[in-house]
Amino acid sequence: TTAGGAFQSAPFETVATFPSTAPTENIIQAPDGAIYVTGIDDKVIWKVAGGRVDRFASFPSMAAVLGIALSGNSIAVTTWERRWAGPAVDFSDLGPHVVVLDKSGTVTATIAGQKGSAYNGIASAGNGALLVADTNTPTLWKVDVAQGRIDPWLKDPLLGGPGPRGPGGANGIKVRNGWVYVSVGGRRTI
């Protein structure tokens, strides 16, 4: 609702507090009402259901867990196997992957991505396909889980950051009613 042009929200309520000091990254809600949240530095997926917060899955061999999406009866996440922070940030080979899990949190597929990419947001595109936003290259990637493939789906300079190369490109992605929406961090655009 608005009053005098200002948005008024409903009262806030905390529904979960995570047992970590590390930041969370992305969130989805399953049809059963369970909420899943990626813990970027904890390298986990948290599950919030029935008033509890549980570690749904861990990725100890990865450096970061970022995007998350539902795909049929599966959950897919984007991960990086190499650290990105520090004084000399190197986005040239983060070791991007898409990892697919079943409802119990068991990994059913790990698909390696393109060197030089920094996979971030992920969304279901229907028919078992996923689309992945790449923060490092001006590319959206199509993931075919059944074939274990990740291929370029769309390349466009507007998906990249404002500089010649590097982070600041496509970050979040949403597919709705046949439209694909992409947030591009460094350009502050959708």
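I take buried to mean under 20% relative accessible area, exposed to mean over 50%, and partly exposed to mean in between, with a 1.4 Å probe and protein chains only. By that rule Asn 136 is buried, at 6% relative accessibility.

**Ground rules**

This is a predicted model, in which local features need pLDDT of at least 70 and side-chain atom pairs count only at pLDDT 80 or more, while totals for chains, interfaces and linings use all residues. Residues are numbered from 1 along each chain as its sequence is written, and side-chain values use heavy atoms, with hydrogens and water left out.

I looked up where Asn 136 sits, and found it in the loop between β12 (129-134) and β13 (139-144). Strands here are DSSP runs of E of at least two residues, numbered from the N terminus. I then checked polar contacts, meaning pairs of N or O atoms within 3.5 Å, where one must be able to donate a hydrogen and the other to accept it, and where residues adjacent in sequence count only if both atoms are side-chain atoms. The side chain of Asn 136 comes to 2.5 Å from the backbone oxygen of Gly 116.

Tyr 119 belongs to strand β11 (residues 119-126). Its relative accessible area is 0%, so I list Tyr 119 as buried. Its side chain reaches the backbone nitrogen of Gln 114 at 3.2 Å. I also noted Pro 96, 23 residues apart from Tyr 119 along the chain, with 5.9 Å between the two C-alpha atoms.

**Entry: nonpolar cores**

I count as a nonpolar core a set of buried Ala, Val, Leu, Ile, Met, Phe, Trp, Tyr and Cys residues joined through side-chain atoms within 4.5 Å. The largest has 15 residues, and Tyr 36, Ile 45, Phe 59, Ile 68, Val 77 and Leu 101 touch the most other members. At least two residues of this core come from each of β6 (52-58), β7 (64-71), β8 (74-80) and β9 (96-101). A second, separate core has 13 residues, among them Tyr 119, Val 132, Val 143 and Ile 150.

Contact means heavy atoms within 4.5 Å. Not counting residues up to four places away in sequence, Phe 59 touches Lys 43, Val 44, Ile 45, Val 65, Val 77, Val 99, Leu 101 and Val 107.

**Entry: the open sheet**

I traced an open sheet of 4 strands in the order β7-β8-β9-β10, with antiparallel pairing. Two strands pair if DSSP finds at least two bridges between them. β7 and β10 (107-112) are the edge strands, each with a single partner, so one side of each has no neighbour in the sheet. For β9 and β10, which run antiparallel, I found 5 bridges. One residue I followed was Val 98, whose bridge partner in β10 is Ile 111.

Leaving aside neighbours within four places in sequence, Ser 71 is in contact with Ser 124, Gly 128 and Leu 130.

**Entry: salt bridges**

How many salt bridges are there? The count is 2, taking a side-chain nitrogen of Lys or Arg within 4 Å of a carboxyl oxygen of Asp or Glu. Asp 54 and Arg 52 make one, at 2.5 Å from N to O. Asp 54 is partly exposed, at 30% relative accessibility.

Asp 151 bridges to Arg 149, with the closest N and O atoms 2.7 Å apart. Asp 151 is partly exposed at 28%, and Arg 149 is partly exposed at 43%.
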